[in-house]
Amino acid sequence: MKILLVNPRHSAPQMDEMEPLGICYLSSYLKAAGHECAALHQTYFDPKPVDDIVEKARRDKTDLVGFATYSSNINTALDLCRKIKAETGAKTLLGGPMATAMPELVENPDVDFVIMGEAEKSIATLAKALESGDNRYSEIPGLCRLDEGSVRANPAPPRIEDLDSLPFPDRANLPYEHYFCSGYVDYFRKRRIVTVLTSRGCPFNCEYCATKKIWHNRWHSRSVGNVMEEIEGLFGEFPEMLIGFIDQDININKERAHELYETLVERFNRPGYGIMTSILSLDEKLIKTLDRTGCLSLFLGIESGSKEVLDSIGRRFELDRTLSILKMLNKTDIFIVCAFLVGFPADDHETIKKTRWMIRHTPADFSFVSMINPYPGTDLYHEAIKQGWITPEKYIAGPEKLLEPFMPTYHLTRREVRREFFLTTLTCVAHPGYFLHVAQIAFAHPRRLFLMIQSLISQARLAFRVLRFNLFQSGKNGS
């Protein structure tokens with residue numbers, strides 16, 4: 001089979017643009033199964049024109065085109081799917097978080113199949129069935145299709161427990177020059193960011209997170225040796241790279257985490273890396289290991305300063321412990337990035353004031369605020385549907401304009417949510433505590449000050465790119 005896997009561009013600019021490891025893993029798995037496969041990433045600021053993608057599918061006589069779907073690109077994915085279907089007649093397939101949460105997308109006349117969940121084995125089985133003309137699709141785990149006008153969804157595939165058995169991601173022809181990671185690792189220099197996934201899933205049960213829909217609250221990890229083998233190959237291609245570990249929480253197994261970081265510095269002599277983790281997974285010993293082994297940047301989701309809101313969304317950590325962990329981190333050379341969210345159903349003016357208080361008292365080098373997105377498949381999404389705040393059709397269409405909340409709260413209108421978002425965003429950098437923090441790290445941790453300046457500049461740079469692209473380029477390229 002000749003297969004093309006596409007990660008369509010976002011409908012709106014995002015803070016980060018990194019390798020689409022999902023389709024990269026699928027591509028390498030399909031190649032190992034004997035198929036001809038290519039992974040194509042259509043980035044936001046320099047998208048491959050739709051006509052070029054369609055022409056590639058036609059020229060290569062592609063049999064199957066798969067699309068990675070997220071809430072941020074579902075519109076462009078469906079548009080590209082329609083054009084490829086009309087021009088080439090290839091079979092079309094949707095996968096990824098949106099497809100997993102909304103298998104009814106297969107009702108779209110331009111979509112032949114939807115695959116839910118962890119897709120390597122399922123897509124390889126589908127490709128084999130298409131190649132042989134075997135139409136017994138009911139035996140393919142996680143496959144959804146239309147059968148006599150009704151959606152037929154097979155049970156989700158079992159999780160892949162031995163992640164070491166998977167071939168490394170197919171990174172051929174990715175547009176690395178257009179990747180950036182705001183506030184994550186030191187990308188502003190000429191050192192290239194390359195992302196690595198050492199585990200899949202998350203055992204936590206946050207009501208707003210789409211992770212559990214795919215991974216079912218189970219966490220599986222690769223062996224440290226397998227991760228090092230991949231990194232060694234990447235250093236051969238990108239000698240000056242910085243590593244971005246993009247696990248949902250890389251520190252779930254602390255013993256493995258210590259081994260991973262210690263082995264990394266012993267084998268590659270302090271290459272520089274950044275991680276994403278939960279407050280619950282950090283302690284003093286692990287923080288010291290991170291600092292000693294060259295961790296450049298650490299991303300934490302704090303979300304809210306209200307205990308009531310945190311309890312309502314399943315975030316089971318104490319704010320006092322959060323501040324204690326942040327104070328420990330503040331004694332290191334690790335650049336601290338904290339994320340907050342506003343617009344949870346339980347949010348009101350007082351709870352968001354508590355979030356602003358938390359921001360003012362959080363010793364972070366870079367904090368940012370987002371409005372909550374009720375991802376399909378989450379408890380939050382179902383509550384938003386129940387309250388009549390959104391419909392599946394309106395969600396797929398997305399907000400009518402940038403910086404528009406998806407939904408109100410029990411206590412706030414959409415306009416009030418937007419106002420609270422702007423006030424909270426202003427708090428991140430415009431309060432005395434932040435300037436005092438800057439002065440303190442300027443003397444104690446000058447490298448962090450440099451990264452802080454980079455992050456602020458990068459935000460201004462991103463805002464300029466958004467304005468320039470939307471005014472002069474949007475619509476000329478991409479879908």
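The model is predicted, so please read every value below as computed from it. Two packed helices are described by the angle between their axes and the distance between the axes, and that is where we start.

**Helices α1 and α5**

- Helix α1 covers residues 21–32 and helix α5 covers residues 120–132; their axes come within 10 Å and cross at roughly 45 degrees.
- Because of that angle, α1 counts as oblique to α5.
- The crossing of α1 past α5 is right-handed.
- On the α1 side, the contact is made by Tyr 25, Leu 26, Tyr 29 and Leu 30. On the α5 side, Glu 120, Lys 121, Ile 123, Ala 124 and Ala 127 take part.
- Sorted by class, the residues of this contact are seven nonpolar, no polar and two charged.

**Helices α11 and α12**

- Helix α11 (residues 319–329) packs against helix α12 (residues 349–361) at an angle of about 20 degrees, and the axes are 11 Å apart.
- That angle is under 35 degrees, so α11 is roughly parallel to α12.
- The crossing of α11 and α12 is right-handed.
- Leu 319, Thr 322 and Leu 323 of α11 meet Trp 357, Met 358 and His 361 of α12.
- This contact has four nonpolar residues, two polar ones and no charged ones.

**Buried glutamates**

- Glu 17 sits in strand β2, which spans residues 16–17. Its relative accessible area is 6%, so Glu 17 counts as buried.
- What does the side chain of Glu 17 reach?
- Leaving out residues up to four places away in sequence, Glu 17 touches His 10, His 41, Thr 43, Tyr 44, His 178, Tyr 179 and Phe 180.
- Glu 420 belongs to helix α15 (residues 414–429). With 2% relative accessibility, Glu 420 is buried too.
- Beyond residues up to four places away in sequence, Glu 420 touches His 349, Ile 352, Arg 356 and Leu 412.
- Glu 303 is part of strand β15 (residues 295–303) and has a relative accessible area of 9%, so it counts as buried.

**An exposed arginine in a loop**

- Arg 316 is found in the loop between α10 (307–312) and α11.
- Is Arg 316 buried or exposed? Its relative accessibility is 57%, so Arg 316 counts as exposed.
- Arg 316 is 36 residues from Leu 280 in sequence, while their C-alpha atoms are 8.5 Å apart in space.
- Setting aside neighbours within four places in sequence, Arg 316 is in contact with Leu 280 and Asp 311.
- A polar atom of the Arg 316 side chain lies 3.3 Å from the backbone oxygen of Asp 311.

**Positive phi angles outside glycine**

- Lys 61 is not a glycine, yet its phi is positive, near 50 degrees.
- Lys 61 lies in the loop between α2 (50–59) and β4 (64–68), and at 63% relative accessibility it counts as exposed.
- Glu 303 also has a positive phi, of about 75 degrees, although it is not a glycine.

Terms used:
Residues are numbered from 1 along each chain as its sequence is written. This is a predicted model: local features need pLDDT of at least 70, side-chain atom pairs count only at pLDDT 80 or more; totals for chains, interfaces and linings use all residues. Side-chain values use heavy atoms; hydrogens and water are left out. Axes are lines fitted to C-alpha atoms, for helices over the stretch in contact, and angles run from 0 to 180 degrees between N-to-C directions. Helices (H or I, at least four residues) and strands (E, at least two) are DSSP runs, numbered from the N terminus. Angles under 35 degrees count as roughly parallel, over 145 as roughly antiparallel, 65 to 115 as roughly perpendicular and the rest as oblique. A crossing is left-handed if the near helix is turned anticlockwise from the far one by less than a right angle, and right-handed if clockwise. Contact means heavy atoms within 4.5 Å. Ala, Val, Leu, Ile, Met, Phe, Trp, Tyr, Cys and Pro count as nonpolar, Asp, Glu, Lys and Arg as charged, and the others, Gly among them, as polar. Buried means under 20% relative accessible area, exposed over 50%, partly exposed in between (1.4 Å probe, protein chains only). A polar contact is a pair of N or O atoms within 3.5 Å; within protein, one must be able to donate a hydrogen and the other to accept it, and residues adjacent in sequence count only if both atoms are side-chain atoms.
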